[in-house]
Amino acid sequence: MKLSNANKRNLLFCAFATVIVLVCLILVGHFCGFQHEPKAFKIMIMTLVFVLIFDWLIWEPIRFVVIAIDHATWPSMDLPYTSEVSNQPSVFTYLKTRLKSRRSEILITDEHRNEALNQKYKHISTDLMLYGSYFLALLLNIMAAQDQSLYYTTNMMDRLFRLDTPTTMGLSNIYFHYQIYTFFELTLVEAFNANVSVYGHDGWYAMEQWKMLGAIRLRQLRTSDKNIGTNKPKWDSETYAPQWKLPYKRLHYTDRYWRVFDPFRPMDVNPSFINGLLLNFDHLGDLMRYPELGGYIALMMRTRVNNRKQVNYLHYNKWLDRKTVALFMDFSMYNSDAHAFTMLTLRVENSPFGTQLTNVQVDCIRILGGGDHMTLYQNILLGIYFILVLQFIRGLGKNLWYDPASIKQLWNLVDLTICLLNVFLLILFFVRELLSNAILHTIQTSTMEQYLGLQRPLQLHRLIKITMGLLITITTLRLWKVLQFASVFQHFSQTVFSAWKAAISLGVAIVVILMGLGIALAVPNGNNAVFCRHLVHAIITCLWYSVGYSDNFDPNDFFHGGVFFGMLMFLALVFLLGIVLINVFTSVIYDYLSSTRRILMKKQETEKISFWQFLQAEYGEVVRRLLCCFIKRKKYYRRKHTVAENVAMELDHQEYKELIRSRGRYYKPKPRLTDEEQHADYRRRVHRVISLNAVLEVQLELLERYLLGDEYGNFPTPPGSDADSDIIKWIKSNPRK
């Protein structure tokens, strides 16, 4: 028996039995003493979900393909289909269908009979449900995955290694080459070997929760020639003896596993697809770009005594000299309380002027963020998102299956891009789990003298964030297309479509003037002002200052090229760019907005109904049934009066309320209707009265057959009567299979 054909008694019995079974299972699971660890229980649930997904997505299609091949190749005598519903015709079914039709005609007026407009609104409502729910699920998943508390860790680490403290030396205070060794001793040796009697704990002096993983990697990039010039530098990779002498001689400690200390050796990179994909990038420095896969490497020991010896050895043999273009200090830290990993990259650039340019890069991520570390809220959101992605792919696949040529359409290409980005994101999460397991295995099996770098999971984490941002951007763009039924979105989109030529022309003019002013500002002021030291910075400075953003800008920085030049630049930025061109751009957009508004008003006159009126007529019955589940229907009370008297009393009460409201201070009378509007309102009222009369007739006939008819609604008529002939003919011509 189908659920739709079950009566209320059977449904109530089924619900009561289901509640009893669930309560019994919960009580048995709670009091029987059988308990799981939370991690093991989550793994069991995830395994069950993955098995079900594999069955639905892979096994079921394969099974249906095999069945289809079997029926197509070896046809057999299939049993005839028998319906679970009785074949006995019923007049009640016909009358109930007719009653629903009559009720729908109350809401459907002549304005609703534009079939093309109805199909358009129907397509919009379907897309709005699909893309809106998908966008909301994607947004909630991204918000649930964000951890704003990591900002405090990043900010704290940056300040501790960049600024001076009473115990350590800040990286920003390294001005000369010889100060690097002092930074080694104070910040990287003494600070990570804190004394218990002084700080109360072992490890890092600042916080006991953070522990260093492995050794510190010192990586320097050198050039074969100290005179670089304007050409791209050629990085040296030859093996040298101490003090960078040739020929290289193999020393006695190079073959030992337990080394004392090492000199700088050329970086040995394991060629693999993952390394080439995730580690083949450049660090953007203040002077040039520095590759990640290259240079010379030396690993610092973990004990204080050996670290001091190694620093003295590096200093004595002059392993850092004038040819050292940049020095990178990489190490990783872990906080077991927050399950957070921190990758620190301290960079010191040796400028041609002899001074050192420093930078601190801190990246804090949660590598242990897989399925067994996710909360219940995140798991539920992820499951909902997965279901919506499947519906999204199903809808796109169905459209392309029935109309393959539609793949050339722009918005179908956008949908296909969203599907591919979801698949790519799933692959990235899978690779991240593999790298996380590899990192954990390396931590368990490695020694403290080995370097444990987090560059690969860090780059993968950045790639996942970029993919999520691109996905939410494209989804927002697709949702914007669906929201074109609203006048606000139509107005803006139509304005952009009609004004793109003028907007691009003015935009190009503004960009050209910005570039000219930026070049003119950078040439005389680049060596004296921080925000003009680079051409891009100077152009951005001109844009910010012209739109009114003047924080952290000193007006004196405009006058390094002279007073007259500074006044000219100031007037050009404020008057020419900030007032004239930007106001012209705004005026052009405003003119197009006005013209587009007039076009849309003419277009709305042809569309008799709005999208909201279509939703009211299309889904009004569904909303009414949902409201009946939560809101109790008002009962009719006679109050010792007839129906006509109650209606007259209600109308009098409404007139009295309108009279009281008209005497108020802020009363505004309703505008008088025109002749056309009065005629349309009259036709609407007549149509509603006729529709209500038809509904009452069907209800009376249905009530009469419930009271006087048999179980199928037929009247007991004498032989030869032609009563019910029309209904019986309709039932016989439309039998239920």
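Trainee: Which residues in H4 meet Lys465, Met468 and Leu471 in H12, among others?
Mentor: The H4 side includes Ile124, Asp127, Leu128 and Tyr131. "Meet" means heavy atoms within 4.5 Å, and helices are DSSP runs (H or I, at least four residues), numbered from the N terminus. This is a predicted model, where local features need pLDDT of at least 70, side-chain atom pairs count only at pLDDT 80 or more, and totals for chains, interfaces and linings use all residues. Residues are numbered from 1 along each chain as its sequence is written, and side-chain values use heavy atoms, leaving out hydrogens and water.

Trainee: At roughly what angle do the axes of H4 and H12 cross?
Mentor: Roughly 155°, and the axes come within 10 Å. Axes are lines fitted to C-alpha atoms, for helices over the stretch in contact, with angles from 0 to 180 degrees between N-to-C directions. So H4 is roughly antiparallel to H12 (angles over 145 degrees count as that).

Trainee: Now H6 and H9: what is their crossing angle?
Mentor: The axes of H6 (residues 179–190) and H9 (residues 304–316) cross at roughly 165° and come within 11 Å. That makes H6 roughly antiparallel to H9.

Trainee: Which residues of H6 meet H9?
Mentor: Tyr181, Phe184, Glu185, Val189 and Glu190 do. Among their partners in H9 are Arg304, Val311 and His315.

Trainee: New topic: which helix gives the largest share of the nonpolar patch?
Mentor: H2, with 9 residues. Phe54, for one, has its place in helix H2. H2 (38–73) and H10 (376–402) each supply at least two residues of the patch.

Definitions and conventions
Angles under 35 degrees count as roughly parallel, over 145 as roughly antiparallel, 65 to 115 as roughly perpendicular and the rest as oblique.
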